[in-house]
Amino acid sequence: MKCIKIQWLSVAVVCCIFILSACTKDSIGTGTPSLENTTIWAGPTITFTKANGADPTQPANQDQITDLVWITRGNTEGGQIFNAVSETNSNKDNSPAGTLWAEGTTADLTNLTFGNFRATVDKPKNAVGKDLVLLLVEENIAIDIKFTSWSQNRQGGFAYERSSN
């Protein structure tokens with residue numbers, strides 16, 4: 001009977017070691033893709049602005065970055081940004097879907113710590129003036145971005161400057 005317990009314990013230990021060794025820093029927690037092959041957009045700066053009260057469902061009020069990520073902001077739910085391609089409103093725990101964020105610039109990409117938007121900036125109004133990196137997860141594209149305004153009181157307005165392709 002003792003022999004069987006030791007064998008099962010050995011199998012469990014080997015499985016744990018295998019599982020832990022199969023995980024990389026990038027695959028634990030946030031699901032950040034490997035940054036070694038990330039495309040960094042360093043083209044001309046684009047300014048995007050959504051005016052207070054503008055309809056977030058209208059394409060003119062969405063920054064259509066790629067086919068998978070269109071950033072906008074609602075006017076009534078407290079106003080965090082979200083991805084209009086895959087979300088109809090924001091969720092402060094994981095919006096905008098398909099993105100990760102870090103404080104810093106793409107010049108220091110491999111040293112940055114990525115998380116969801118809210119975890120990175122704490123309160124969205126605090127993002128104004130900070131250098132941030134927006135990582136488009138599925139496309140593995142990194143973009144420098146800096147918010148230049150953030151309206152409060154559920155008005156829904158915001159603006160930023162970002163790098164382009």
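Guide: Contact here means heavy atoms within 4.5 Å. The model is predicted, so local features need pLDDT of at least 70, side-chain atom pairs count only at pLDDT 80 or more, and totals for chains, interfaces and linings use all residues. Residues are numbered from 1 along each chain as its sequence is written, and side-chain values use heavy atoms, with hydrogens and water left out.
Visitor: Leaving aside neighbours within four places in sequence, what is Arg-162 in contact with?
Guide: Its partners include Trp-41, Asp-63, Ile-65 and Asp-144.
Visitor: Is Arg-162 buried or exposed?
Guide: Arg-162 is buried, with a relative accessible area of 5%. Buried means under 20%, exposed over 50%, and partly exposed in between (1.4 Å probe, protein chains only).
Visitor: How many salt bridges does the structure hold?
Guide: There are two salt bridges, each a side-chain nitrogen of Lys or Arg within 4 Å of a carboxyl oxygen of Asp or Glu. In one, Asp-63 joins Arg-162, with the closest N and O atoms 2.8 Å apart. This pair links distant parts of the chain, 99 residues apart: Asp-63 is in strand E3 and Arg-162 in strand E9. Strands (E, at least two residues) and helices (H or I, at least four) are DSSP runs, numbered from the N terminus.
Visitor: And which residue forms a salt bridge with Lys-146?
Guide: Asp-131 does, the closest N and O atoms being 3.2 Å apart. Lys-146 is partly exposed, at 30% relative accessible area, and Asp-131 is partly exposed, at 38%.
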